[in-house]
Amino acid sequence: VRENLSVQIIHVTDPADPRLADYTNLTDVELRSKNEPEKGMYIAESTTVIHRALRAGHRPRSFLMAEKWLPGLEEAISAVGLDDGPGGTGEPVPVYIAEPAVLESITGFNLHRGALAAMHRPVLPSVHELLTTARDGQGARRVAILEDIVDHTNVGAIFRGAAGLGVDAVLVSPRCSDPLYRRSVRVSMGTVFQVPWTRLESWPGGVEELREHGFTVAALALSDDSLTLDEYVARGDERSAFVFGTEGHGLHRSTLAAVDHVVKIPMSGGVDSLNVAASAAVVFWATRT
């Protein structure tokens with residue numbers, strides 16, 4: 001162990017070291033999705049993602065990396081100070097250093113993106129708080145709603161599109177995959193930390209709350225009475241919430257019955273629809289202001 005300012009660097013050689021429990025079995029999707037919310041943590045992977053998480057004010061529990069990645073993170077880690085997140089130890093945040101073979105034994109995959117960090121999970125805001133505080137307190141105008149999307153790659157890609165195309169907030173349904181799951185965070189390139197989001201307590205019951213906040217709720221789906229995306233944009237609604245459905249079965253009938261409009265992206269070439277992340281990006285671009 002050596003300490004530099006608030007950095008506590010610990011070299012580890014045993015993959016079974018109990019101090020590394022946060023990082024084990026990362027390839028077991030069922031285990032991670034079950035344990036991460038209960039433990040109040042998530043995993044940030046790669047130096048880029050870790051930097052974005054720290055800039056967003058998220059608090060780390062520990063770091064794990066090969067020694068060659070330490071210089072690029074040491075300044076940021078030094079600025080962290082103590083582990084003062086929820087349930088934190090109050091001690092300097094440990095930085096575990098290991099050889100690549102040991103890292104692979106710990107995590108179950110080749111850690112070629114630089115580093116991992118076990119981060120304290122931030123407390124999610126209420127829907128009301130999210131919608132009223134977005135856009136620097138001016139209130140959200142464009143919101144994406146993810147209904148039961150189970151593919152972590154799609155969730156991450158939608159967040160990246162939302163960040164890049166200026167969407168104010170994201171709401172996820174009770175059964176939607178966790179945006180802070182490791183793969184979602186990685187695919188989003190850490191933009192899940194910069195787009196305000198929260199989880200709805202009920203869906204499609206949340207449609208009424210959106211209306212109370214002045215939103216027109218539009219579901220992306222194919223139906224006989226669908227508006228084209230251009231037709232919807234021409235309406236000029238001041239606040240819009242766009243609902244995107246799960247990859248296999250699309251949106252639930254109850255959702256289609258609850259929303260204000262059903263909107264479609266006109267297709268050609270015999271293609272009926274786009275991947276949900278691609279559809280979201282098209283909608284975000286078409287409705288930008």
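**Entry 1: ground rules.** I call a residue buried under 20% relative accessible area, exposed over 50% and partly exposed in between, with a 1.4 Å probe and protein chains only. This is a predicted model, in which local features need pLDDT of at least 70, side-chain atom pairs count only at pLDDT 80 or more, and totals for chains, interfaces and linings use all residues. Residues are numbered from 1 along each chain as its sequence is written, and side-chain values use heavy atoms, with hydrogens and water left out.

**Entry 2: confidence.** I looked up pLDDT, the predictor's confidence in each residue, from 0 to 100. The chain has a mean of 88, and 89% of its residues reach 70 or more. Over residues 1-5 pLDDT stays under 50, and the model has 12 contacts for them beyond four places in sequence, where contact means heavy atoms within 4.5 Å. Residues 30-34 also stay under 50, with 9 such contacts. I keep a note for myself: where pLDDT is low, the predicted coordinates should not be read in detail.

**Entry 3: strand β3.** I took helices (H or I, at least four residues) and strands (E, at least two) as DSSP runs, numbered from the N terminus. How many residues of β3 are buried? I found that 5 of its 5 residues are. Met-41, Ile-43 and Glu-45 point one way from β3, while Tyr-42 and Ala-44 point the other way. β3 pairs with strand β6 (residues 115-120) in the antiparallel sense over 5 bridges; two strands pair if DSSP finds at least two bridges between them. Ile-43 has Ala-118 as its bridge partner in β6. For background, strands of a sheet pair through backbone hydrogen bonds, either parallel or antiparallel.

**Entry 4: aromatic pairs.** Rings of Phe, Tyr and Trp (its six-membered ring) pair if their centres lie within 6.5 Å; planes under 30 degrees apart count as stacked, over 60 as edge-to-face and the rest as tilted. Why is the pair of Tyr-42 and Phe-193 tilted? The ring centres are 5.5 Å apart and the planes stand at 35°, so the pair falls in that class. Tyr-42 belongs to strand β3 (residues 41-45) and Phe-193 to the loop between α7 (182-187) and β9 (197-199), so the pair ties together parts 151 residues apart in sequence. Tyr-42 is buried at 0% relative accessibility, and Phe-193 is buried too, at 11%.

I then turned to Phe-159 and Trp-197, an edge-to-face pair with 6.3 Å centre to centre and 85° between the planes. Phe-159 lies in helix α6 (residues 152-164) and Trp-197 in strand β9, 38 residues apart. Phe-159 is buried at 0% relative accessibility, and Trp-197 is buried at 9%.

**Entry 5: the open sheet.** Which order do the 7 strands of the open sheet take? I read β9-β8-β7-β12-β10-β13-β11, with parallel pairing. β9 and β11 (227-228) are at the edges with a single partner strand each, so one side of each has no neighbour in the sheet. β11 runs parallel to strand β13 (residues 261-264), joined by 2 bridges. Leu-227 is opposite Val-263 in β13.

Helix α6 lies across β7 (142-146), β8 (169-172) and β9, at about 180° to β7. Helix α11 (residues 276-286) also packs on the sheet: I see it touch β7, β10 (216-220) and β12 (240-244), and its direction makes about 165° with that of β12. For these angles, axes are lines fitted to C-alpha atoms, for helices over the stretch in contact, and angles run from 0 to 180 degrees between N-to-C directions.

**Entry 6: a charge and a ring.** I found the charged end of Arg-288 over the ring of Trp-285, 3.5 Å from its centre. The test asks for NZ of Lys or CZ of Arg within 6 Å of the ring centre and within 35 degrees of the ring normal.

**Entry 7: Val-233.** Val-233 is in helix α9 (residues 229-235) and is partly exposed at 34% relative accessible area. Leaving out residues up to four places away in sequence, Val-233 touches Ala-286 and Thr-287. The C-alpha atoms of Val-233 and Ala-286 are 7.4 Å apart, across 53 residues of chain.

**Entry 8: backbone notes.** The peptide bond from Trp-203 to Pro-204 is cis, with omega near 10°, and Pro-204 is in the loop between β9 and α8 (206-212). Asp-136 has a positive phi near 55° and sits in the loop between α5 (127-133) and β7. Is Asp-136 buried or exposed? With 80% relative accessible area, Asp-136 is exposed. Asp-148 has a positive phi of about 55° without being a glycine; its place is the loop between β7 and α6, and at 11% relative accessibility Asp-148 is buried.
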